[in-house]
Amino acid sequence: MEHRLLCSRGRRLVVLPGGDCTAHSVEYHVASNSFRPLFLFTDTWCSSGTVAPDGTLVQTGGWLDGYNNTRTMPACAGDKSCDWSEKQDALAAGRWYATNQILPDDRAFIVGGLNQFSYEFYPKVDPAGKSVIQIPFLEQTRDPVLNNLYPFVHLNIDGNLFIFANNRAILLDYKSNKVVRTYPVLAGGDPRNYPSTGSSVLLPLKPNPTEAEVLVCGGAPKGSYPSGRHQHATRTFVPALATCGRIKITDASPAWVIETMPSPRVMGDMILLPNGAEVAISNGATDGTAGWDDARTPAYAPVVYRPYHSTGDRFEQQTATGIARMYHSSVVLLRDGRLLVGGSNPHLYYNFSNVLFPTDLSLEAFSPEYLDPSNDMLRPRILRPSPTGAAASVTYGANMRLKFSVQGSARGRRGGLGEVSVTMVAPSFTTHSFAMNQRLLVLEVTKMAAVRAQAGTYYVSVTMPATAVLAPPGHYMVFLVNGLVTSEGIWFHIQ
């Protein structure tokens with residue numbers, strides 16, 4: 001029987017004999033390693049998203065018939081199955097290659113996209129109000145060949161938004177639509193956003209933070225995109241950038257500090273590790289740019305960056321994977337501390353054979369050093385609140401007490417219990433080398449005591465962030481850290 005697939009194309013349905021819609025969706029259950037297919041009504045290709053305060057996954061924009069649409073999936077308890085709900089024309093502008101950032105007031109800030117030099121909010125507070133707000137900075141940083149898409153956006157500790165596009169950044173007061181600070185051009189002047197795709201993180205925030213730092217790593221030199229395109233008579237895959245720029249965005253006179261990675265990388269993903277002291281950099285290539293078949297040499301070896309080590313001792317290359325994770329690959333942090341790595345589709349449509357880098361739909365897990373079995377005696381285990389079940393609720397500024405155990409400490413081993421810290425990590429929406437909404441806070445420890453009747457068991461009390469500016473309302477994974485060794489995370493909901 002001939003296989004025929006019904007696909008949406010530009011608000012009309014077409015039948016593709018033996019074809020493929022390209023845009024697919026599945027729900028992956030980590031513990032059971034099982035999948036459940038989910039139906040998509042319109043194309044989500046190169047879209048953006050957030051996790052709403054109530055745990056609903058909000059996915060915005062896409063391609064063609066998905067430009068102006070939003071899709072939501074609620075957080076389902078137990079074995080209850082959920083599916084996408086889609087709203088047509090929920091966005092005022094077509095958002096393809098845009099960026100989202102969750103705000104302290106529960107809304108998502110959605111900025112940029114192909115030929116969109118503007119931002120908007122979702123959901124809209126006033127449907128009759130001004131929907132699209134222009135931001136000249138995006139047009140000023142536009143690349144002559146192609147927009148610098150998927151701008152890097154981070155919520156600063158003063159409530160304003162740090163926005164990086166091409167090779168420079170601003171601090172935007174989104175409430176009044178005013179640029180309150182302009183940052184210097186990143187040294188070298190090379191672009192860092194799509195298609196010269198680098199990555200960026202807001203480094204972990206300390207208790208009661210007075211400063212915030214942003215790290216931007218990788219990318220591709222000027223001219224890399226046109227020189228490697230199919231249309232170019234002699235394609236040249238230019239070596240990627242090996243530099244990182246680090247800047248204290250809260251300083252009175254901020255300046256970029258340049259560091260060098262062990263090797264160049266474009267399309268790399270940066271994920272904050274839950275011990276609050278390391279950043280993992282993985283995926284991508286060492287030459288070319290993002291786009292269809294526009295890179296040639298995979299970057300197989302992840303790198304760990306330790307921001308609090310001395311300069312020159314911050315990068316450490318990890319064991320290489322055997323899978324090329326090129327364009328359209330992705331990474332997210334799991335509750336057990338591993339990084340789930342998946343994808344790679346550097347071709348128009350899926351192509352599994354007779355190409356240099358076939359489409360790869362597999363998943364693999366990267367286990368940082370803190371998960372090595374040699375650290376098991378140091379690994380803390382959260383006992384209360386229960387590590388399973390519904391997320392515990394907590395309010396801003398509240399005191400939270402965790403009961404935990406450390407096996408090595410119970411056996412009287414020297415060094416079984418080191419310096420104890422507690423971190424909370426916001427879930428990200430990771431695509432095109434940028435983990436949107438990624439945020440890690442180190443909580444203030446106010447008290448720690450041993451449980452007399454139970455050897456190796458302790459209580460630690462911490463104070464939650466004081467305001468929604470520091471930690472926007474929603475769900476966070478909370479980790480207990482012994483030295484640099486993390487527990488399994490538990491879900492908390494702050495509001």
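**Reading strands and surfaces in a predicted model**

Modeller: In this predicted model, both faces of strand β9 are covered: A98, N100 and I102 on one side are buried, as are T99 and Q101 on the other.

Biologist: How many residues of β9 are buried?

Modeller: Strand β9 covers residues 98-102, and five of its five residues are buried, so the strand is mostly covered; a residue counts as buried when its relative accessible area is under 20%.

Biologist: How should I read the pairing of strands, and which strand is joined to β9?

Modeller: In general, the strands of a sheet pair through backbone hydrogen bonds, in a parallel or an antiparallel manner. Here, β9 is joined by five bridges to strand β10, residues 108-112, and the two run antiparallel. Within this pair, N100 stands opposite I110 of β10.

Biologist: What do β9 and β10 form, and how many residues are between them?

Modeller: They form a hairpin with five residues between the strands. In the turn, D106 has a positive phi of about 85 degrees.

Biologist: What is the order of the strands in the open sheet?

Modeller: The open sheet has four strands in the order β9-β10-β11-β12, with antiparallel pairing. Strands β9 and β12 (133-134) stand at the edges; each has a single partner strand, so one side of each is left without a neighbour in the sheet.

Biologist: How many bridges join β11 to β12?

Modeller: Strand β11, residues 118-122, is joined to β12 by two bridges, and the two run antiparallel. Y119 stands opposite I133 in β12.

Biologist: Let us turn to single residues. Is T70 buried or exposed?

Modeller: The cut-off is again the guide: T70 has 1% relative accessibility and therefore counts as buried. T70 is found in strand β7, residues 70-73. Leaving aside neighbours within four places in sequence, T70 is in contact with several residues, including Q59, T60, S85, E86 and Y122.

Biologist: Where is S32 placed, and what is its relative accessible area?

Modeller: S32 lies in the loop between β3 and β4 (34-38). Its relative accessible area is 43%; this value falls between the limits of 20% and 50%, so S32 is partly exposed. The side chain of S32 is also joined to that of H29 by a polar contact of 2.9 Å.

Biologist: Which residues form a nonpolar patch on the surface?

Modeller: V26, F35 and L363 form this patch, and together they have about 280 Å² of accessible area. Of these, V26 has its place in strand β3, residues 25-29.

Conventions. Residues numbered from 1 in each chain as written. Predicted model: local features only at pLDDT ≥ 70, side-chain atom pairs only at ≥ 80, totals over all residues. Heavy atoms only, no water. Patch = residues over 30% accessible without salt bridge, like charges linked within 9 Å, V, L, I, M, F, W, Y side chains within 5 Å. Areas by Shrake-Rupley, 256 points an atom, 1.4 Å probe, with all protein chains shown as cover. Salt bridge = Lys/Arg side-chain N within 4 Å of Asp/Glu carboxyl O. Buried < 20%, exposed > 50% of the residue type's maximum accessible area, 1.4 Å probe, protein only. Polar contact = N/O pair within 3.5 Å; in protein donor to acceptor, adjacent residues only side chain to side chain. Pairing = 2+ DSSP bridges. Contact = heavy atoms within 4.5 Å.
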